[in-house]
Amino acid sequence: MASGATVKDPGEFDWRNAREELDGLPGGRGLNIAHEAVDRHAGGPAAERIAFRFLPKGGEMREMSFHELSEETNRFANALHSLGVEAGATVFLLAGRIPELYVAALGALKARTVVCPLFSAFGPEPIRSRMEIGDARVLVTTPSLYRRKVASWRDELPDLEHVILAGADPGEAAGVPGSVSMGELLADADPEYTIDATDPEDPALLHFTSGTTGAPKGALHVHEAVVAHHLTGRMALALRDDDVFWCTADPGWVTGTSYGIISPLTNAVTSVVDEREFDSERWYRTLEEQRVTVWYTAPTAVRMLMKAGDELPRRFDLSPLRFIASVGEPLNPEAVEWSRRVLDRPIHDNWWQTETGGIMIANVAGMEIRPGSMGRPLPGVEAAVGRRDEDFEEGMEDEGSMEVIEDPDVEGELILRAGWPSMFRTYLHQEERYRASFTGGWYFTGDLVRRDRDGYFWFVGRADDVIKSAGHLIGPFEVESALIEHSAVAEAAVIGKPDPVVGETVKAFVALHADHEPSEDLRLDILGHARSRLGAVAAPKEIDFLDDLPKTRSGKTLRRLLKARELGIPEGDVSTLEEPL
Ligand code: AMP
């Protein structure tokens, strides 16, 4: 493998050279993420190194070496072929952080199918709509998730041919149409497998994200993305050979795939996978017991740890921990200071999003941290502050004019020069929406930022109405659509309401049909309806009844006006944000 010179010398960084850090498929047959993540280590000196330490909800820790992971993923790839699943088909994953999820993801990449992880806390509706848009052929899930979240609408997706049930009891799969037990499937499959030639531009990963309007967007990534996964793990997370790495994100979100699965593996480090949900004391204990050296987490979790007090971490030996990073939402300056004071190390914030596939802007090791800033662009990433035509709207063709703002400290949209390896290649079936995100060779991220004179980027807010709650991006339209399915609801609008711990919570405003009166019972009924459709992540926590929702002349609901009212900001201040009433 080439040395890390490309990383240390940003002046000479070039993504084409960066590709040499990886092996490519034997015989010059292209580039496959799973080969770089698993097989090249399984065939070398790291073969017996532990790839994953799974900490299950109950029972003993399970370790899996690179060698074992290679065999298991080979079995899964063979199993997909035995089911007649071909390259290019989409394999959806819906499970908690269990070993089978990781085996299926990497095995499916070997088989050159497209992997789409879904968050298991989603309700039935977000799961159904994503699988429909993504042309699901295969679903890997557990019997319990299947029963609770899929069974009710399974017939609506006739192209979903196979349901592979992880952890099914003997015979349990027989009760589900088109289903097979993953255990039985793997037991019957060959542990040898040769990955077919893979074009670096072959689709590999599909991650859904949300915009302000319309259906969720399926950002499609290709095998070439692994170049960025690998290098950014080294550059932004400081990963090196002997690390024990803990990424706390769920693979249902892009961070949990790029950095919870791929990047640590390509870098041959050991990853800790904790199946359980947040618990401050257990998290500190996990850091201690697993001797975690690099920890990648999220601001909401950090704020929850801060709430748990300064004494708690002092009870644990965190001495092996040498690097803490966080992503997904603004990291308060106080959190960086707290971490310095209480954990003895700062938190290195970094920025990226589903579409970028990997970290773009970061506070890298050794760099001066400016608390509250997301850091500076990584080598190979050209980031700037831009602006495009006032009348630009999502869905517009790439014809608008734009400017790059050179002056420091001016607010504008964060833009990235197109062309890094993990850049999304389309929004599945929404090519015009994809094209509309680019103008003049720049990708417009939808985030408002400013850059200081030393090149540090500072997050200002979103340019659109999407909501970030506990690090999860939530599309208001998807929530509103679920709300108006309730028989009493005529119209709905949702906003992100600031919250000191989770960043924002979802708040809904609804107007009722004429034959319904607001009441506490009705409020609870609508909340319950939304929760059962959407799941706890995206469902509103609060509902206000209004006689009418404020709208523009063209009939667009003015979410920003509702937000201004909620926050007590003078309404005049928002009149410029959208068309006047
Ligand atoms: P997602 O695509 O779900 O990963 O969400 C990406 C969005 O999260 C970005 O567009 C930002 O709005 C937000 N985000 C990610 N990282 C940061 C950060 N370090 N600071 C502030 N916001 C962030």
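Trainee: In this predicted model, at what angle do the axes of helix 3 (residues 33-42) and helix 4 (residues 66-82) cross?
Mentor: The axes of helix 3 and helix 4 come within 8 Å of each other. Their crossing angle is roughly 120 degrees.

Trainee: How are helix 3 and helix 4 oriented to each other, and which hand does their crossing have?
Mentor: Angles over 145 degrees count as roughly antiparallel and 65 to 115 as roughly perpendicular, with those between the two ranges left as oblique. Helix 3 and helix 4 are therefore oblique to each other. The hand of the crossing of helix 3 and helix 4 is left-handed.

Trainee: Which residues of helix 4 meet helix 3, and how many residues of the contact are charged?
Mentor: From helix 3, the contact takes in Ala37, Val38, Asp39, His41 and Ala42. Their partners in helix 4 are Phe66, His67, Leu69, Ser70, Thr73 and Asn74. By class, the contact of helix 3 with helix 4 has 5 nonpolar and 5 polar residues, and the charged count is 1.

Trainee: How is helix 9 (residues 225-237) oriented to helix 10 (residues 254-266)?
Mentor: The axes of helix 9 and helix 10 come within 8 Å and cross at roughly 85 degrees. The range for roughly perpendicular runs from 65 to 115 degrees. That makes the orientation of helix 9 to helix 10 roughly perpendicular.

Trainee: Which residues make that contact, and how many of them are polar?
Mentor: Helix 9 contributes Val226, His229, His230, Thr232, Gly233 and Leu237, and helix 10 contributes Ser258, Tyr259, Ile262, Ser263 and Thr266. By class, the contact of helix 9 with helix 10 has 4 nonpolar residues and no charged ones, and the polar count is 7.

Trainee: How far apart are the axes of helix 6 (residues 124-133) and helix 17 (residues 520-534)?
Mentor: Helix 6 and helix 17 pack at an angle of about 40 degrees, which makes helix 6 oblique to helix 17. The contact joins Pro124, Glu125 and Pro126 of helix 6 to Ser532, Arg533 and Leu534 of helix 17. The distance between the two axes is 4 Å.

Trainee: What is the volume of the largest cavity, and which residues line it?
Mentor: A search of the whole structure finds 1 cavity of 30 Å³ or more. The largest cavity has a volume of about 30 Å³. By class, its lining has 3 nonpolar, 5 polar and 1 charged residues. The lining residues are Ser210, Gly211, Thr213, Gly214, Ala215, Pro216, Gly475, Phe477 and Glu478.

Technical notes
Residues numbered from 1 in each chain as written. Predicted model: local features only at pLDDT ≥ 70, side-chain atom pairs only at ≥ 80, totals over all residues. Heavy atoms only, no water. Axes fitted to C-alpha atoms, helices over the stretch in contact; angles between N-to-C directions. Helix = DSSP H or I, 4+ residues; strand = E, 2+ residues; numbered from the N terminus. Parallel < 35°, antiparallel > 145°, perpendicular 65-115°, else oblique. Left-handed = near helix turned anticlockwise from the far one by under 90°. Contact = heavy atoms within 4.5 Å. Nonpolar A, V, L, I, M, F, W, Y, C, P; charged D, E, K, R; others polar. 1 Å grid on protein atoms, 1.4 Å probe; cavity = no way out; pocket = protein on both sides within 12 Å on 5 of 7 lines; lining within 4 Å. Points joined across faces, edges and corners; volume = space filled by probe spheres on them.
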